[in-house]
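Visitor: I'd like to learn how to read the sheet, the helix packing and the pockets in a model like this. Can we go through them one by one?

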Amino acid sequence: MTHAFMRFCSTALILWGAIGLPTNLSAQTKLPIKTWTSELHRDHPLTGRIWSTKQNTYLTPLELAEALALNDFILLGEIHDNPDHHRLQAWLISSIALYDRRPAIIWEMISLDQSSALEAYTNPYEAPMAGLGGAIQWSTRGWPDWEIYLPIAETAFRYKLRMFPGDVSREEMQLVRDKGFQGLETERRKSLGISQKLERGLMKDLQTALYESHCRMIPQKATAKMASMQRLRDAVMAEQMITTGNRTGAVLIAGAGHTRQDRGVPWYLRQRLPDATIASLTMVEVIGSMTEAKDHVPESSSGKAAADYVWFTARTKREDPCLAFQKKK
């Protein structure tokens with residue numbers, strides 16, 4: 001697949017001049033959004049900076065965009081209710097498109113059940129993207145307001161990038177919830193790559209993360225079934241990236257847990273396309289008392305970084321999620 005993107009290398013220098021990209025250091029490091037929407041830690045020393053976990057160094061936004069554009073599959077991990085994360089994702093997609101790339105845009109938030117509605121509204125690209133949320137009944141799935149995701153859709157519209165659902169259908173989710181992976185046909189399990197087990201350490205990490213994300217308020221034994229459903233969702237997102245981006249590549253918009261290199265969507269991409277190039281970026285809200293980049297980088301239990309790049313952002317003011325979870329119980 002990578003041959004489809006080799007022209008990037010030969011045109012990159014031309015593009016830098018042709019599109020008028022900044023050449024001085026201060027311009028390169030300038031945040032590509034005017035102001036932070038998120039209220040907390042705007043003045044933190046890491047806020048706005050980008051860390052490369054492979055190079056152990058900071059990058060400018062333009063350096064990040066160039067590094068991402070070289071890859072077949074690009075995963076942009078977010079915190080769902082942080083508007084700045086979606087604004088930065090939109091900027092990155094726009095920047096990647098300027099490198100003569102037309103990747104498919106895959107949404108974790110849109111399920112395969114919504115495929116027809118998404119296709120009907122966006123093909124051809126004539127309707128205003130503000131109405132897309134209503135057309136696909138976005139609000140019924142419990143995601144934050146469509147308005148904060150709108151910059152991504154508008155960018156796709158501007159560059160005529162096809163958008164596709166990434167989430168599993170209700171039917172398959174129910175089958176796995178009731179019967180585990182055995183609820184799926186053998187060929188379906190093989191095609192998704194879920195017949196291959198995660199290493200024991202990675203599975204333990206996943207179950208621990210699920211337990212912690214539910215504020216330790218669920219029975220630990222319940223995490224085994226939850227891990228199966230998480231794996232199913234990751235496998236389906238990988239499948240959607242492969243099938244829709246087999247010629248032009250794909251960009252995934254998803255929560256940071258799904259974009260992890262160690263056990264998320266990239267794991268399934270590698271099982272099926274070992275020669276593909278894959279890059280993951282995680283948006284991380286800074287913590288006030290932590291000023292070192294490495295302290296914020298998501299890691300597996302082995303200590304290996306779970307993302308290739310980390311973009312540090314201001315923090316959205318929100319209710320303690322554990323208090324919110326407790327109220328639902």
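Guide: Helices (H or I, at least four residues) and strands (E, at least two) are DSSP runs, numbered from the N terminus. This is a predicted model, where local features need pLDDT of at least 70, side-chain atom pairs count only at pLDDT 80 or more, and totals for chains, interfaces and linings use all residues. Residues are numbered from 1 along each chain as its sequence is written, and side-chain values use heavy atoms, with hydrogens and water left out.

Visitor: How many bridges join strand S3 to strand S6?

Guide: In general, strands of a sheet pair through backbone hydrogen bonds, either parallel or antiparallel. Here S3 (residues 73-78) and S6 (residues 250-255) run parallel, joined by six bridges. Leu-75 sits opposite Leu-252 in S6.

Visitor: What is the strand order of the open sheet?

Guide: Its eight strands go S2-S1-S8-S7-S3-S6-S4-S5, with mixed pairing. S2 (57-59) and S5 (163-167) are the edge strands, each pairing on one side only.

Visitor: Which strands does helix H3 touch?

Guide: Contact means heavy atoms within 4.5 Å. By that rule, H3 (residues 61-69) packs on the sheet against S1 (50-52), S2, S3, S7 and S8 (309-313).

Visitor: At what angle do the axes of H4 and H7 cross?

Guide: Axes are lines fitted to C-alpha atoms, for helices over the stretch in contact, and angles run from 0 to 180 degrees between N-to-C directions. H4 (residues 83-97) and H7 (residues 146-158) cross at roughly 10°, their axes coming within 7 Å. That makes H4 roughly parallel to H7 (angles under 35 degrees count as roughly parallel, over 145 as roughly antiparallel, 65 to 115 as roughly perpendicular and the rest as oblique). Among the residues that meet are His-86 and Ile-93 in H4, and Tyr-149 and Ile-152 in H7.

Visitor: How much space lies in the largest pocket?

Guide: Rolling a probe the size of a water molecule over the atoms shows where empty space is left. On a 1 Å grid over the protein atoms alone, a pocket is an open set of points where a 1.4 Å probe fits, with protein on both sides within 12 Å along at least five of seven lines; lining residues have an atom within 4 Å of a point. The volume, the space filled by probe spheres set on the points, is about 1,900 Å³. Of its 48 lining residues, the closest to the centre are His-80, Ala-209, Ser-213, His-214 and Gly-257. H10 gives the largest share, seven residues.

Technical notes
Pairing = 2+ DSSP bridges.
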